Amino acid sequence: DGGGEEGEGGGEGFARGPGEEAPPAGVSPAEARGMRSIRWLCYRPEHAPEALVCANMLLRRFLLASAAMTALGNDEDADDRRDLHAPKVFVERILPRGLMDEAMDQCQRVEDGEADVYGSISMPMMKNLEAEFYSIKNFLEAHTNYVRFLDGIHKTSPCGAPSAAPFARGGRQPPSGLETEIADKMERNAFRKEKMGSCKIVVELAGRASDALMEVLAFAGGWLVDAADEATAAGEGTDAEEEAAARTEELEAIRSAFVPRAVFMLHDVLDKTAAWLEQVVYDTLGKFDDAGPDVLLALFGSFDDHASSRSDDDAESTTESSLIVTSRAAPGYWHKKALSLASTVANDGNGLHETFDDAEMERFLKRMAESYTKLNRCSNSQTLFDH
């Protein structure tokens, strides 16, 4: 048909042109047109460096729009699951996989002085553009893992369905002591296996999300830090200097918006995982009373990453006090990781704390204080198992 459809978010009067391909689901016609205009630069290798410049420019525009949406939302726990959809589509479905390699190869050939190759982007600038692209790509992947974690933990209940008491059958004589003991062991084992299954789902989702977000915070050289020498990278001329200054300003704005966001997302993953596992603890203690701690320690032992590397003597000496902070199924393990974010943010290496404003730092310190209190409660077997 003749197109003519109004695009959501595409600006007043923006319409898809006659014969123009429909935008991907969830992407406005204006956003799709911007993506496809850059794709045209990707057909010839000699245009790859310019394609990367334009791709990064569009990604910065998407992230700045997302930052504006988050600021307008004014909700400290709101990490909208849709506002990063467009850049994810762009990176995952529109850009060619080999664009970065082609851009680097083209710049290297220019540096080597090959006669039939031209280009205006220096190798230092290309390396800076590469770091910018992978910084944004890593954040988008981390956000995807974060959303998957939220979906998974909301769909996975920490509490098992109530079961009938052993031998609770009409007309059955009371069981003997041996029968009761066997039945109790069978019930505990079945319960522990059920908990292992649900804990594995949540722990693996949390692990992937937290690892991905930590990669963002620990990005080599600092996430979206503009490391290139502008005078060398931008070339000569007032226009080039203005473009370089605008790019640096955009990077700083994005860094200030998204580094704190990544920190709070990571703390959210760690804190929610610990809270979910605390519900597992309460459910177990409520079901088995005095036998509950033994059931939980057996569960914790199933998720002890260091168990396979220990000698028999070391395994025997493993106490409940160590399991409740070293096992990935123990809430104390995740509270401890949450508290360690204080050191990560305070480290001057990547300048993370410099991106926080006063309100964000106050909010972060409040979360660290809460994590400290929770860790104290969950790292002590008496308080953890006191139901």
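**Reading the model**

Q: In which helix does Ile182 lie?
A: Helices are DSSP runs of H or I with at least four residues, strands are runs of E with at least two, and both are numbered from the N terminus. Ile182 lies in helix H6, residues 177-217. The model is predicted: local features need pLDDT of at least 70, side-chain atom pairs count only at pLDDT 80 or more, and totals for chains, interfaces and linings use all residues. Residues are numbered from 1 along each chain as its sequence is written, and side-chain values use heavy atoms, with hydrogens and water left out.

Q: How many helices and strands does the protein have?
A: The protein has 15 helices and zero strands.

Q: What is the relative accessible area of Ile182?
A: Buried means under 20% relative accessible area, exposed over 50%, and partly exposed in between (1.4 Å probe, protein chains only). Ile182 has 44%, so this residue is partly exposed. Of the 387 residues of the protein, 42% count as buried.

Q: Which residues have the most contacts inside the largest nonpolar core?
A: A nonpolar core joins buried Ala, Val, Leu, Ile, Met, Phe, Trp, Tyr and Cys residues through side-chain atoms within 4.5 Å. The largest one has 92 residues, and Met35, Phe90, Met126, Trp223 and Phe300 have the most contacts inside it. Helix H8, residues 238-288, gives this core its largest share, 17 residues.

Q: What is Phe300 in contact with?
A: Contact means heavy atoms within 4.5 Å. Neighbours within four places in sequence aside, the partners of Phe300 include Val281, Leu323, Leu384 and Phe385.
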